[in-house]
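Here is a short note to read alongside the structure. Take a look at it, then work through the points below.

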Amino acid sequence: MAEPTYKIRCILKKSASGVTKASYCTLGAILKFDSDESPHCVYNEIVAVRLAQTCHIPLADGVLTATSDGPSYASLELASPGIGLPDMLESQIPSVAAAYPDAVAALVVFDVLIGNRDRSRNVKASLTTPHIPIFRAFDHSHALLTIHETPGKSIAALETSDLIATQHPFYGFVSRGLLNTWVARIASTPGTLIKECARFGRPFRGVDERMQEQLADALVMRAQNLGGVVTRHRAVIKPQP
Amino acid sequence: MMLNYWVIQFVPDPLRGEGRNVAIITHDGERASLRALGLDRNGRVDLGPFTTLAGKHAPSAWVYGEWVRWFEDLSLYEGKSVERLNAILNDVATQGLYFTALPAGTVDTPKSASLEQVTSWLFKRLVGKVKRPLSRIFDSEVEEAITRSKIALRTEFMRDVEVEILAESDAPPTLLRFAFLLDERPRIGFKVVRPHAGITSYGRQVNDAIYTFDKAVTAGFLERSRCLVFTKKPSGGRVPLIEMLSRSAVVVDVSFPDAWKTIRAAIGSH
């Protein structure tokens with residue numbers, strides 16, 4: 001998949017030395033914070049992006065940053081410097097699915113893996129500029145530890161064969177062949193790599209190490225069972241030939 | 001007939017918050033209609049006018065084309081109800097800093113006027129035309145020809161290319177510059193002669209193009225039939241210069257709507 005460019009707010013100064021002639025710069029980002037509605041938002045977002053980077057899922061990149069309230073998640077703004085893309089409309093779903101079948105399949109499987117109940121329109125995709133292909137998903141505040149009202153119930157849900165993501169914009173538009181490819185690909189991702197995505201080695205905001213380990217184990221189990229989950233709920237996912 | 005309408009603004013500096021009107025959406029209670037800067041009746045978007053008013057954001061003007069497509073899809077497929085349209089347009093400003101939709105209100109129109117006529121009238125009043133420097137128009141015409149020919153979709157298509165032709169003897173290599181290059185065999189090289197330059201600069205550009213193509217052909221880098229120059233029909237003292245150039249290259253007048261076909265013809269045998 002084509003790598004998107006990110007917004008660069010300004011180039012500050014070149015570093016003094018180095019053959020790569022690196023420069024300091026600032027990047028534009030959307031800051032996400034924990035809230036009453038999503039008490040583990042920051043943890044969810046960073047784990048989601050780590051998993052996506054491990055499995056090469058087309059998510060908008062992001063980093064942890066520090067604010068006066070503690071760590072927050074900075075989701076990097078997409079598209080060229082200056083003007084951002086709009087969020088996908090419902091009426092654009094078929095066009096997006098046709099233009100980015102592989103990315104769509106990857107996203108569907110990823111959302112099933114992390115139990116993302118709220119993909120909704122949280123996708124940005126270029127549709128009219130063929131030489132600048134961009135497809136990136138964002139916002140994972142309603143997945144992982146926030147599937148249900150408590151982290152314990154959320155982790156328990158991930159350990160089952162429930163689909164969890166009972167609604168998804170690309171159900172009915174995803175290619176069956178590509179869906180199977182991505183299921184196999186994620187299912188074969190080494191468990192150690194998946195676990196490392198959920199671990200911080202220390203308590204992270206309201207998520208202690210025990211909870212991180214439980215989520216890590218649940219994600220490994222779910223990844224290994226992905227084929228069964230997808231097969232069981234094929235009538236909901238409705239993959240197309 | 002009472003119509004609801006919204007003004008779409010581009011906000012080049014979100015800190016200042018000053019918007020430039022770029023589009024109008026209207027709704028007559030049953031359906032929506034859109035007029036946007038650069039959008040023609042066939043649904044094609046000329047990015048030139050927006051590029052002109054985009055200022056420092058000109059390099060990302062292509063994103064405007066995506067937004068126009070977004071507003072078109074919104075009007076056509078999701079604009080059945082005023083309430084739904086309003087809800088989505090209210091959300092535009094939350095999707096980024098640079099576009100916003102202002103609910104401008106209602107307008108009372110004669111029953112004989114169609115929705116499209118009223119939308120066009122509002123567009124003329126509230127958006128109008130963007131005055132563009134001649135050089136910007138030429139640039140957009142060059143881009144239009146490139147886009148319509150689809151040469152830019154080729155993986156070996158490059159912009160601002162420098163080619164080093166090595167000499168057989170100990171002589172220094174020859175450096176040639178091309179505005180665009182399709183590096184697939186057989187190659188196609190492009191130069192640009194800017195038509196609005198002063199006569200001296202114009203002559204220099206022509207000489208440079210002749211030199212470049214002659215060197216490229218002699219070295220076997222290009223075939224004569226695949227040396228293309230983008231320019232416009234000359235007048236006065238520039239005519240003999242272009243006639244001289246036409247002996248070294250295919251001259252493409254980008255102000256002709258079919259200019260892209262000349263590029264396609266050169267690609268044709270690929």
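1. Among contacts in chain A between residues at least 6 apart in sequence, what percentage join residues at least 24 apart? The figure is 71%, with contact meaning heavy atoms within 4.5 Å.

2. A word on the basis: this is a predicted model, where local features need pLDDT of at least 70, side-chain atom pairs count only at pLDDT 80 or more, and totals for chains, interfaces and linings use all residues. Residues are numbered from 1 along each chain as its sequence is written, chains are lettered from A in the order in which they are written, and side-chain values use heavy atoms, leaving out hydrogens and water.

3. Chain A holds 9 helices and 7 strands (DSSP runs, H or I of at least four residues for helices and E of at least two for strands, numbered from the N terminus). Of its 241 residues, 51% count as buried, that is, under 20% relative accessible area with a 1.4 Å probe, protein chains only.

4. Now for the meeting of the chains: 24 residues of chain B are in contact with 27 residues of chain A. There is 1 salt bridge between them (a side-chain nitrogen of Lys or Arg within 4 Å of a carboxyl oxygen of Asp or Glu). A:E90 forms a salt bridge with B:R84, with 3.8 Å between the closest N and O atoms.

5. On chain B, α2 (62-77) and α3 (82-90) each supply at least two residues of the side that touches chain A. The largest share of that side, 10 residues, comes from α2(B).

Notes: Buried means under 20% relative accessible area, exposed over 50%, partly exposed in between (1.4 Å probe, protein chains only).
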